[in-house]
Structures are given as structure tokens and as C-alpha cells.
Amino acid sequence: MKLDEKLVTYFESCNSPVDKQGYLYKKGEIKTSYQKRWCVLKGNLLFYKESASDRDLTGVIVLEGCTVQLCESEEQFAFSLVWSEPGLRTYKFAADDQASQESWIKALLSANHGYLSLLLMDLEKKYRDALAAFPRETAKPFTMPNFGATGTDFSAAYRSRQLSTLPSNKAPAAAGAAAASALSNSATLHALSYPTRPTVKSSPKQLPRRNINAVPLNIPDMPMGEWSSFCVNAEDDFSKLHEDFGKEVKELIARWSRQKRDGRVVQEEDLIDFG
Amino acid sequence: MRFNEKELVFLSRQPSEMAAELGMKGHKKGDVIKRRLVKLVVNFLFYFRTDEEEPMGALLLEQCRVDREDRQSFSITFLDEAERKYLFECDSEEQCREWMDSIIKASYEFMRKNLIFYRTEIHRLTGKDPLEQYGISDETRFQVSNGLQMTSGETSSL
């Protein structure tokens, strides 16, 4: 399969916001030693290169369909990205300290597309509820702060006449409310991936004109489509998901700390590692 | 540049609402329109030769622009380069609109902008920051001012 690599490398180097970056030790794909790598997390892509100043990317990992696990290894503060499908490799990393390890685990857990998509649905519902609760509040025409005004970045890319404003009743593919995957007592943190679609009841509803002035993008001639409100229980789903994530992280860190104290070694699951 | 190809192929097999046979023309000179099974999964656009299991290719849908070309076709322009443009022919106006819509909404940039918008508006209307209850209000990716890439040092947003 051919991946248009130029698009990927461009995405890494462009001015779009970085979600997290820093040095991590990454277990080699051919050699088994851990190598220090500058890692940059943007969206669901984890880029890595030899150093922060390097312009060439060594590689990228697409963070969809994987879980994040603590793992015991020769290195302290280790964690791994694990795919459940047989034949898919495990990526092992180690951080410099526990704070960094926790921070990276949290970031990688919530990097997948479904998580953000679910959060978006949740906020969209809250927004509509807020508008309904404060009918006299005229939504002023909202101008998105024009960050990235240098021109060659994403703000320029979005000056398309055809852009829609806000999510319509068709949720993006593969996104949707997650049934937060059955979170067991196991030591794995399940990244939200491939969520099942919620049963969405959509009823096209035309909102009063004044509210439609609130646009997220600073584009004056936007075609204002019908606003479809859908009665999905996004809030419950994301709240639960978030709670579960938080619990899992705490449990995981606590378990790990206990085991370190007791001097026990965590047995990793046997995974086919094609190296 | 290394990438986890097997995982990407695995991703391409996930269920998707947006999967259809469309006419597709690559960005290189001399490329002609071919029927391909096009499938949108998260922020990737996969395309397959019809009846093949493994995708021919994958396009990352970030930093791109979607334009209507004519009634039934649209294009995706990448890297802000007029030459790097892929053309897609749909079977109907409705289908064309659906695809354009879905592709636009697939990117993290789109999601982030909307999240920030909703967050700001909800706060303005209710006085409450909706991200606070989730404990994620400090994450850099949800900050209004966050439009430029971090320059140096480890970010400790989480």
C-alpha cells in the first residue's frame, strides 16, 4: 500500500499545533536496544526523529486501533503501544521519569480520532442546550481568533468557499459514541478506537437565524445549511469514557507503583512481535 | 520514513459509512480517471482497486482543501499546491456533497476549531468551561491561542 508520505511529512513540519513533544526512548525495530528519539504527537500521528533539530523524520506511527500498556522492561518508566490484531507489532517506549511517562500515556490514550470526535459531539450538545437555556442571548457573530496568520498554514487552507460550519447529522466515518470498550481489571488502557455508531435520531431543525451567525470559521460567505439536531446521548457517553480513562490511569499507575515496591516483575503478555 | 503499514492496512478494513466506488484521478500529469473503491476512515482516505482487499493507497486528510469542481465532482488539494490535487467523480450531486462534507469534517484541525468554538461559546453563555468537568481544560490542544507549533522543550500540557 502506498502512503503519500509527502502529506505526512508536511503535516509534521507545518505550523499546526503540536499536542505533545519530547524525548522518549524507543525500542528499535531491528536492533533491540532503546534509542533516544524526539517524538512529536499531532492528532493521531506520533512522529519520531533522531533529535529535535533534525529535519528528517525517522518514522511515524498511526495511533488508531491500539491500546497503551505499562510494561516492565530493562528500562524504567516504560510503556507500549499494542495492537490486538495478530501480526501487528508492539512499540515499546521508555520515558525519563514517572511524570513524563504518565503524561505521555495520557496523551497517547486520547490521541485517537474517536475520542476527539466524541468530545466534539458532547460539546455540540452542550452548546445547543446552552442556546436553548439562554434564548435572549444573541450569539454575536463569532470570529475565530486568527491564529497562524502567516498564511501558509492551515488557516489559509481553510479559506474554502465550500466548507461547512458545524457538524451536521452525519457523523464522520468511524466516529461516533463509543461504547467505552469493556474496561476490565486488566492492566491495559484501552484507547478509544473504532467506536460503534450510536443510534442517532436526527431531526432537521432550522434554528433561528440569529444563532446561525455564530460561525467557528472566519469565512464570511459560508452557505448556512440546515441545522440538524440529533438526540444522541453524547454527554453520557463521553463522561463515562472520560471517567473510565481516569480510573484506568490511576489504577494502572497505582498497580505499577505497588509492584515496584514489592519488587515483583510484571509479566508482559506474549505478543507476536515481528520486530 | 518508516510507518506502520500493517496497522494502516488494518485501519483501512474498519467499518466506514463513507465507502463507495468513485472516479478518481491522481495529481500527477497524465493521470486519468479510474474507478476506485474510496473509503474514509478517521482522517485517512483509502482507495482500492475494485475487488482488491488491500488498499492501493492512503491519503492523510490534514492540511488540505476540498473544493467543488462541478455538480458531481470535487477535488482535494494538498500542501496548498495547486498541482497536488486529486479529483473525485461521484454519481450524484447528493453523493458529492456528502463526501465533501465528510472529508472536511474528518481532520483534526476541523475538530479542534469546532471544539474551541463550542468551548468558548458555552463558557460565554453559561459561565462554565465545559472541559473542566473532564479535567482536560489545560490541554494545549484545546487552547484558543494554540495556533503555532511549539518551538522547543518538552510540552507538559497533560
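## A guided tour of a predicted two-chain model

Begin by selecting chain A, whose secondary structure comes to 6 helices and 11 strands, where helices (H or I, at least four residues) and strands (E, at least two) are DSSP runs numbered from the N terminus. The model is predicted, so local features need pLDDT of at least 70 and side-chain atom pairs count only at pLDDT 80 or more, while totals for chains, interfaces and linings use all residues. Residues are numbered from 1 along each chain as its sequence is written, chains are lettered from A and ligands numbered from 1 in the order in which they are written, and side-chain values use heavy atoms, with hydrogens and water left out.

**Chain A**

Colour chain A by accessibility: buried residues make up 57% of its 275 residues, with buried meaning under 20% relative accessible area, exposed over 50% and partly exposed in between (1.4 Å probe, protein chains only). Next select residues 17–113 of chain A, where UniProt, in an unreviewed entry, places the feature "domain: PH"; UniProt positions are given in the numbering used here, feature names are shortened, and annotations may be inferred rather than shown by experiment. This span is 13% helix and 42% strand, and its end C-alpha atoms lie 16 Å apart.

Now go to A:Phe77, placed in the loop between strand S6 (66–70) and strand S7 (78–83) of chain A. Its phi is near 55 degrees, a positive value in a residue other than glycine, and A:Phe77 is buried, with a relative accessible area of 16%. Most residues other than glycine have a negative phi.

**Chain B**

Over residues 147–158 of chain B, however, pLDDT stays under 50, and the model has 40 contacts for them beyond four places in sequence, a contact being heavy atoms within 4.5 Å.

Select helix H2 (residues 93–106) of chain B, which has 14 residues and reaches 20 Å from its first C-alpha to its last, close to the 20 Å expected at 1.5 Å a residue, the expected span being 1.5 Å times one less than the number of residues. Because 10 of its 14 residues are buried, H2(B) is largely enclosed by the rest of the structure; among the buried ones are B:Trp99, B:Ile103 and B:Ile104.

Which residues have the most contacts inside the largest nonpolar core? They are B:Leu45, B:Leu61, B:Phe74, B:Ile76, B:Phe78, B:Phe88 and B:Trp99, in a core of 27 residues, where a nonpolar core is a set of buried Ala, Val, Leu, Ile, Met, Phe, Trp, Tyr and Cys residues joined through side-chain atoms within 4.5 Å. The largest share of this core, 6 residues, comes from H2(B). A second, separate core of 26 residues includes A:Leu24, A:Ala107, A:Leu109 and B:Phe10.

B:Phe48 is found in strand S4 and is buried, with a relative accessible area of 6%; leaving out residues up to four places away in sequence, B:Phe48 touches several residues, including B:Ser12, B:Arg36 and B:Pro55. B:Asp51 is in the loop between S4 and strand S5 (57–60) of chain B. Is B:Asp51 buried or exposed? At 84% relative accessibility, B:Asp51 counts as exposed, and its phi is near 75 degrees, a positive value in a residue other than glycine.

Conventions:
pLDDT = per-residue confidence, 0-100.
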